[in-house]
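Reader: I am new to this structure and would like to learn how to read its main features. Please give the general idea each time, then the case at hand.

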Amino acid sequence: MSFLRVVWLVMRKDLIVELRSREILYTTLFFAVSCVLVFAFGFVREGQPMEDVGAGILWIAVAFSGTLALGRAFERERQSETMRALLMAPVDRPALYVAKLIGVMALMAAVEVIVVPLVALLFQAPLFRHLPMLLALLLAGTVGFTAVGTMFGAMLARARSRDVLLPVLLYPITVPVIIAGVRGTSALLQADPDPAVARAWLSLLLSFDVVFITLALWTFEPVMTD
Amino acid sequence: MDFDSLTFDEVTRNFGRRRALNRVSLTCHAGELIALLGPNGAGKSTLLSIAATLLTPSSGTVRYGSQSARDGGAALRARIGFLAHDLFVYPELSAAENLWFFARLHGVRDAAQVVDGALRQANLQDRRDDPVMTFSRGMRQRLAIERALLHAPRLVLLDEPFTGLDDTAVVATRARLSVLRDRGCIVLLTTHDLETVEALVDRAVVLSGGRLSAIDKNQGGLRAGYRRVATS
């Protein structure tokens, strides 16, 4: 069976399961919105937000809610050990990785659709002034974060302390993604926006994406075999 | 690819400092139904997982005909059906959706027709569109058995296939296993229910403390043979 066909089959299955339970979408969305609201209470005084906090809060909300989505996405495969059934299928195993990656990205994208306007509103951040560049940064950042997170999520699916281990392993490696995302977004939110700086951070994000997706596709099969 | 035998040769498997399997050697042939017996924690599920290519031995080799798991890859996995203790079905999906998904994933042609047949075998036609989370343990077990057999595997690995089944389902499952053997499948099953498989199996082996011993079921039956090995 072709690589793309497997990706589609597994993604479709994940989508149906999520549409039935809505468990991951609602929990990640609730968490991301709560996160932004808590920061709003801390950083907005008399209707005036502190300078330059919008970009950081947006990416913190994305990263934290993404971690939650990654953990739950693989917890679902662990409950009936269905991950082992997927691994036993006569398909390219990296296709399973790509399917999970796209599935988690879709969930994070749904969260971002809500969180970006919320941050723009609460922190008076002109996030929509350079919308194409913001979307490119969010897309590249989400790909990088989920590329690493999907790999670790799959590896830790059967570990006892997976809930603790996932963030412990994920955050140190994805620090460059979060820094690049924050700095790139921040460059767009300044009074005098600097798209050139944002482009430079976007390039860094794209390089990270290429490196980690390549590594994940290369190592997924041996890592998941045992 | 196809094969007509499964051979474990001096297979050892360690989990950290614990040795689950200790130099296990066993050959199973096409058209043979073998019971893998032993107390809890003896290493039965580990041996099945190794045969299913989900675990690799710490030492020793497993051969499918003349090929190893590494050589066989996806083509080999296409010829293996595995019912594990965890049932490998999605509780949120219906019985038909679960079977359809795994049929397509295994590249089964005429998936809809095969799924209908599997639902009939599992006696779940009237519950085909109900989510699996609403099923009893026995119904899930019947579904999981059919999930493992959807793609007509050569090697059938069944970990406690009779768990949760009522008498009617036990009889149906025994008949199903008998048909698989007659079709030339290699069937390796674990069970604690010796009376149920007594007349069904061609031979039985016992795993105890990671070591494998054969039982001669013609000398007083499986239960007596099992006791002899367990107490020796």
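Author: Start with contact: two residues are in contact if their C-beta atoms, placed from the backbone, lie within 7 Å. This is a predicted model, in which local features need pLDDT of at least 70 and side-chain atom pairs count only at pLDDT 80 or more, while totals for chains, interfaces and linings use all residues. Residues are numbered from 1 along each chain as its sequence is written, and chains are lettered from A, with ligands numbered from 1, in the order in which they are written.

Reader: How many residues of domain 1 of chain B are in contact with domain 2 of chain B?

Author: Domain bounds come from an automatic or database domain assignment. For chain B that assignment gives domain 1 as 5-79 + 154-231 and domain 2 as 92-152. Between them, 10 residues of domain 1 of chain B are in contact with nine residues of domain 2 of chain B. On the domain 1 side, helix α6 (residues 167-182) of chain B gives the most, with three residues. Helices (H or I, at least four residues) and strands (E, at least two) are DSSP runs, numbered from the N terminus. That side of domain 1 of chain B divides into five nonpolar, three polar and two charged residues. Here Ala, Val, Leu, Ile, Met, Phe, Trp, Tyr, Cys and Pro count as nonpolar, Asp, Glu, Lys and Arg as charged, and the others, Gly among them, as polar. The centres of the two domains of chain B, taken over C-alpha atoms, are 24 Å apart.

Reader: Which elements give two or more residues to the side of chain A that touches chain B?

Author: In total, 19 residues of chain A are in contact with 25 residues of chain B. The elements in question are α1 (3-21) and α4 (82-88) of chain A. The largest share, six residues, comes from α1(A). By type, this side of chain A holds 10 nonpolar, four polar and five charged residues.

Reader: How many residues of helix α3 of chain B are buried?

Author: A residue is buried if 20 or more other C-beta atoms lie within 10 Å of its own, exposed if 12 or fewer, and partly exposed in between, with C-beta atoms placed from the backbone. In helix α3 (residues 95-105) of chain B, 11 of its 11 residues are buried. Among them are B:W100, B:F101 and B:F102. The buried residues of α3(B) pack against α1 and α4 of chain A, together with α4 (111-121) and α5 (137-149) of chain B. After α3(B) comes B:G107, with a positive phi near 70 degrees. Helix α1 (residues 44-51) of chain B is also mostly covered, with eight of its eight residues buried. Just after α1(B), B:T53 has a positive phi of about 70 degrees.

Reader: What is the order of the strands in the open sheet of chain B?

Author: Two strands pair if DSSP finds at least two bridges between them. The open sheet has six strands with mixed pairing, in the order β6-β7-β8-β3-β9-β10 (chain B). Its edge strands, β6 (80-83) and β10 (211-215) of chain B, each pair on one side only. Strands β3 (residues 32-37) and β9 (residues 203-208) of chain B pair in the parallel sense over four bridges.
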